[in-house]
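Okay, thanks for making time, everyone.

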Amino acid sequence: MSRLAKGGQLDRSQQIPFTFDGQTYLGFKGDTLASALLANDVRLVGRSFKYHRPRGILTSGSEEPNALMQIGVGPQTTPNVRATTQEIYRGLAASSQNRFPSLSFDLMEVNDLLSPFLSAGFYYKTFMWPKAFWEKLYEPVIRRAAGLGALSGAADAAHYDKAFAHCDLLVIGSGPAGLMAALTAAKGGLDVILADEDFTLGGRLNSETYEIDGAGCSDWAAGIVSELAAMKNVRLMPRTTITGAYDGGTYGALERVSHHLATAPDHAPLETFWRIAARRAILAGGAIERPIAFPNNDRPGVMMAGAVRSYVNRFAAAPGQAVSIFTNNDDGHRTAADLVAAGVTIAAVIDTRAGAVAVADYPLITGAQVVGTSGRLGLSEISVRTSAGIRKIKTDCLGVSGGWNPSVHLTCHMNGRPVWREDIAAFIPADGAIPGLISAGSALGEMSTHAALKTGADAAAEVLKDLGKKAPRVTLPKAEDAPVTIQPFWHVNGAKGRSWLDMQNDVTSKDVKLAHQENFRPVEHMKRYTTLGMATDQGKTSNMNGLAIMAELTGRSIPETGTTTFRPPYTPVAIGALGAHGAGKSFAPERFIPSDALAREKNARFAEVGLWYRPSWFTQAGETNWRQSCDREVVMVRASVGLCDVTTLGKIDIQGPDAPEFLDRVYSNMFSTLPIGKVRYGLMLREDGMVMDDGTSARFGENHYVMTTTTAAAGQVMMHLDFAAQVLWPELDVQFISVTEQWAQFAVAGPKSRQLLDGLLSEDITDETFPYMACGDVTIGKVKARLFRISFSGEHAYELAVPAHYGDAIARELDKRAAEMGGGWYGMEALNVMRIEKGFITHAEIHGRVTADDIGAGRMVSAKKDCVGKVSSQRPGLSGPEREQLVGLKPVGTVKQFLGGAHLFNVDDDAVRMNDQGYITSHCFSPTLGHTIALGFVKNGRARMGEVIKMVDLLRNVETKCEICNPVFWDEKGGALRG
Amino acid sequence: MRINCPICGERDSREFHYRGSAKLLDRPAPDAGAEAFYDYVYIRENPTGLNRELWFHDSGCRSWIVAERNVTTHEFFKTELAVDAKRGAK
């Protein structure tokens with residue numbers, strides 16, 4: 001055990017068993033999986049992506065590239081979880097990834113021996129021929145050999161949530177700068193959200209031993225956190241990563257709600273994805289330590305020095321028995337001093353700087369470099385190059401510190417470019433990179449605790465002032481204010497062996513040199529050529545070193561070389577969290593018609609029409625395919641009476657003194673002249689002259705119309721009316737509202753339709769009182785209803801509208817009456833057949849590229865008034881014989897089949913695009929006529945009645961000779977309609 | 001993006017439908033001729049920087065809104081109801 005006897009922020013009364021690769025270990029509450037493994041002397045935790053090299057824990061935070069684990073077993077397993085952020089819980093089952101057959105013996109380690117061949121660009125150069133092999137052979141094999149964890153393949157049953165929050169100030173990060181900013185802003189009266197990815201707020205303060213205001217810094221942090229927690233205007237969000245910065249002060253945030261629980265409370269989501277709208281934000285996300293690259297620096301036991309300090313101070317876990325430190329700055333010495341204080345043996349501190357001095361009692365080698373490591377599956381010895389030659393030092397853990405990089409990531413999400421700060425040898429956020437966001441603390445390059453506290457408080461004061469509030473008096477706590485002393489040192493030159501930069505994607509300094517040699521020199525090219533920084537950690541511990549090496553090779557400075565672009569998310573976010581409530585039925589909610597229950601009782605087969613579920617046909621005993629049901633329903637309607645739920649049609653109630661004028665302007669034809677008690681068919685155009693929608697409007701009063709739209713365009717038409725009323729003609733006094741949901745509406749169609757309504761309605765309905773295209777208020781018992789004598793089937797028909805909550809009852813009453821006269825329900829298929837027989841159009845015909853003239857309705861564009869689209873529709877080329885016009889088609893050869901979308905050609909022409917004459921839009925078998933029929937568009941079609949052409953479908957290999965005819969196939973004079 | 005709806009206050013842009021240039025406010029007179037309508041329907045400036053445009057608050061109050069937005073930075077400067085913009089123009 002490497003657990004220190006005392007110290008750390010652990011609850012030692014709560015011992016927690018967990019497993020790693022099947023072996024049971026014990027940790028304490030407060031441990032991460034990484035700290036618990038280190039405390040149990042587990043150093044080998046994974047295999048690398050490409051070369052399958054043994055890897056250990058590198059960091060203590062979300063930047064971890066190596067220690068990725070599979071958590072859980074069975075269908076709900078989660079791959080690629082960073083052991084450094086995963087809290088342990090009773091029964092946690094973790095396993096290592098990318099090894100076969102086992103972690104300590106991995107057959108794919110052979111890749112490492114082949115490494116001379118597997119350098120950057122290897123796959124691009126090697127697996128090029130034959131082309132077909134890539135998909136079938138190369139890629140699957142490469143993917144199996146490489147890679148990270150595996151998905152279970154089962155659907156993700158976990159529950160994810162999405163949520164929205166609003167605040168005056170979002171503070172990102174809860175270290176000294178973040179705490180001070182939150183406290184100052186909260187005391188100044190702002191609504192504050194303080195978010196941190198860690199489960200314990202306090203940031204780096206939890207990993208340090210120095211004092212703030214005379215108290216241990218982690219105790220000071222805990223005190224401020226509880227002060228904040230007690231304030232009503234503060235929301236603390238631990239375990240919450242701010243993943244992205246977006247326009248208008250919007251931030252994405254991922255809260256890990258129950259990843260740390262053995263059993264989550266009922267209904268608790270696994271994760272919640274937040275969208276936080278913040279008037280201002282302070283980035284206090286701290287800094288990330290960067291390594292120094294040297295040969296074989298990826299051996300388990302080689303870690304970041306700050307992480308070593310964190311494991312010792314916060315988790316009371318010594319990552320080694322004899323720890324060495326390799327540093328180019330003073331912070332490495334702080335680690336050494338803390339370890340000495342904790343009783344951990346320091347084997348040596350190797351400082352690249354010649355003049356470095358020890359700050360505690362440990363052996364120091366100055367002006368030296370680590371040039372190699374050895375040890376199977378874990379570090380046992382390092383080679384140190386000094387002026388006196390190579391020295392070997394026995395050590396089982398090497399902490400490396402190359403300096404600290406401010407966490408500028410979020411400030412780059414809106415294309416901001418970080419700026420170089422020479423004194424700390426690091427990039428800091430550019431001013432104003434994210435509107436409304438300012439940075440503080442080490443995220444701003446202010447590395448001392450004092451500076452962090454001060455810049456945090458200052459940032460909050462600036463926000464308060466900005467938002468018109470007075471800054472409260474805040475006394476800055478006393479804290480260390482050590483300057484950054486660093487001598488940039490990126491990688492060890494002139495030593496044998498590969499130096500790792502990106503541990504997750506297995507990119508070495510040699511790969512960067514190769515990129516340079518092959519002229520992939522701009523950093524964005526280098527990134528893509530070598531894959532440096534393209535793994536799930538986005539190169540948080542590797543980008544800087546890579547671009548520093550490229551800068552060296554090209555002889556340019558680091559700021560001249562520039563950085564690659566950090567993009568959201570800051571750390572990986574599960575698609576499940578982003579798509580919370582956007583899957584399954586939440587993705588497409590269901591809209592049910594009022595007669596849905598009855599339709600299901602009657603064996604309806606449903607079709608989705610937008611979000612609506614509409615019966616396609618009703619299967620009766622003995623019917624084995626839809627055509628039998630459909631044909632029966634058509635014959636039934638034409639012989640007796642049929643019922644159809646048409647509630648889904650858009651219904652818009654329009655009122656006001658200018659309602660008639662308004663309708664005249666949105667419809668191509670006249671509605672102001674429509675008598676009260678009458679319905680008229682209307683055509684709506686877009687301003688570009690194309691047909692937008694058709695429907696009917698009924699006039700119930702001088703200033704009151706009820707408009708119907710097609711089901712498909714209901715929303716579009718409503719928006720169009722809003723546009724016309726608000727943007728085009730706000731001077732018109734007209735109001736309207738969608739009443740689609742308020743009225744259940746049923747078509748009653750067929751020669752016996754009036755007979756069916758007889759006795760149901762209180763009113764007497766005759767051809768005289770209620771002729772074709774009449775409308776009016778009627779009553780059914782005590783229920784006020786509306787009746788329209790309109791027809792989409794060509795039959796004598798009505799549409800009966802009742803308040804929606806009577807829909808089911810009326811449907812059942814209609815059903816009973818229809819059954820008594822040999823009638824019944826018909827679905828969308830039969831409805832479609834009957835409208836094609838009548839040549840009535842749907843959006844199959846008015847598909848957005850046809851004009852009123854194309855569909856033979858040119859005369860419906862009134863010459864007496866203006867309307868939307870009128871002027872455009874009269875532009876040259878939008879009417880006349882050169883255009884494709886709506887026609888009917890009937891088969892004349894042995895092949896009778898029509899196919900939707902198939903194109904039409906002259907009989908003697910080749911079926912090529914040049915000869916195209918038109919296309920089929922709708923087709924069906926007409927039981928009324930006994931053969932197939934179709935609607936379509938044909939060039940100059942109205943003048944070509946009787947001409948025989950051919951339909952050719954080259955995809956489905958069908959050729960049908962057909963005759964161009966009137967699109968009205970049945971009851972051309974409309975006798976059936978009128979009674 | 002967040003859009004300040006004159007009726008509902010500041011809301012997430014996902015509540016809105018974008019309709020493009022506010023030029024649509026200036027529909028030509030019915031007798032202005034085909035050229036004028038061609039220009040109205042099809043011809044648009046393509047500015048970098050400030051753009052005056054129409055948004056529809058369809059998941060909110062169903063107001064058409066005229067917004068001034070910097071299309072480079074997505075910063076909104078001014079929003080008003082189309083009804084008011086139209087009346088103001090007269």
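Predicted model: local features only at pLDDT ≥ 70, side-chain atom pairs only at ≥ 80, totals over all residues.

So, let's begin with helix H6 of chain A. Buried in H6(A) we have A:Cys217, A:Ser218, A:Trp220, A:Ala221, A:Ile224, A:Val225 and A:Leu228. If you look down the axis of H6(A), those buried residues sit within an arc of 155°, so they line one face of the helix. Turn to the face pointing away from that buried side, and you find A:Ser226 and A:Ala229, which are exposed.

As a reminder, nonpolar side chains tend to be buried together in soluble globular proteins. Here the largest nonpolar core has 124 residues, and the ones touching the most other members are A:Val666, A:Phe746, A:Ala747, A:Val748 and A:Ala830. Helix H19 of chain A, residues 714-728, gives this core its largest share, with 8 residues. Then there's a second, separate core of 82 residues, and among its members are A:Ala293, A:Ile346, A:Ile350 and A:Trp500.

Setting aside neighbours within four places in sequence, A:Ala747 contacts A:Leu643, A:Cys644, A:Val646, A:Phe792, A:Ala797 and A:Glu799.

Another helix to look at is H11 of chain A, residues 523-530. Its buried residues are A:Val523, A:Met526, A:Lys527, A:Tyr529 and A:Thr530, and they pack against strand E30 (507-508) and helices H10 (509-517), H12 (543-554) and H13 (558-561), again in chain A. Just past the end of H11(A), A:Thr531 has a positive phi of about 65°.

Last topic: where the chains meet. The contact uses 20 residues of chain A and 22 of chain B. Which elements of chain B each supply at least two residues of the side touching chain A? Those are helix H1 (34-42), strand E4 (50-56) and helix H2 (82-89). The largest share of that side, 4 residues, is from H2(B). Split by class, the chain B side has 12 nonpolar, 7 charged and 3 polar residues.

Okay, over to you for questions.

Technical notes. Residues numbered from 1 in each chain as written. Chains lettered and ligands numbered in written order. Buried ≥ 20, exposed ≤ 12 C-beta atoms within 10 Å, placed from the backbone. Arc of directions from axis to C-beta. Core = buried A, V, L, I, M, F, W, Y, C linked by C-beta atoms within 7 Å. Contact = placed C-beta atoms within 7 Å. Nonpolar A, V, L, I, M, F, W, Y, C, P; charged D, E, K, R; others polar.
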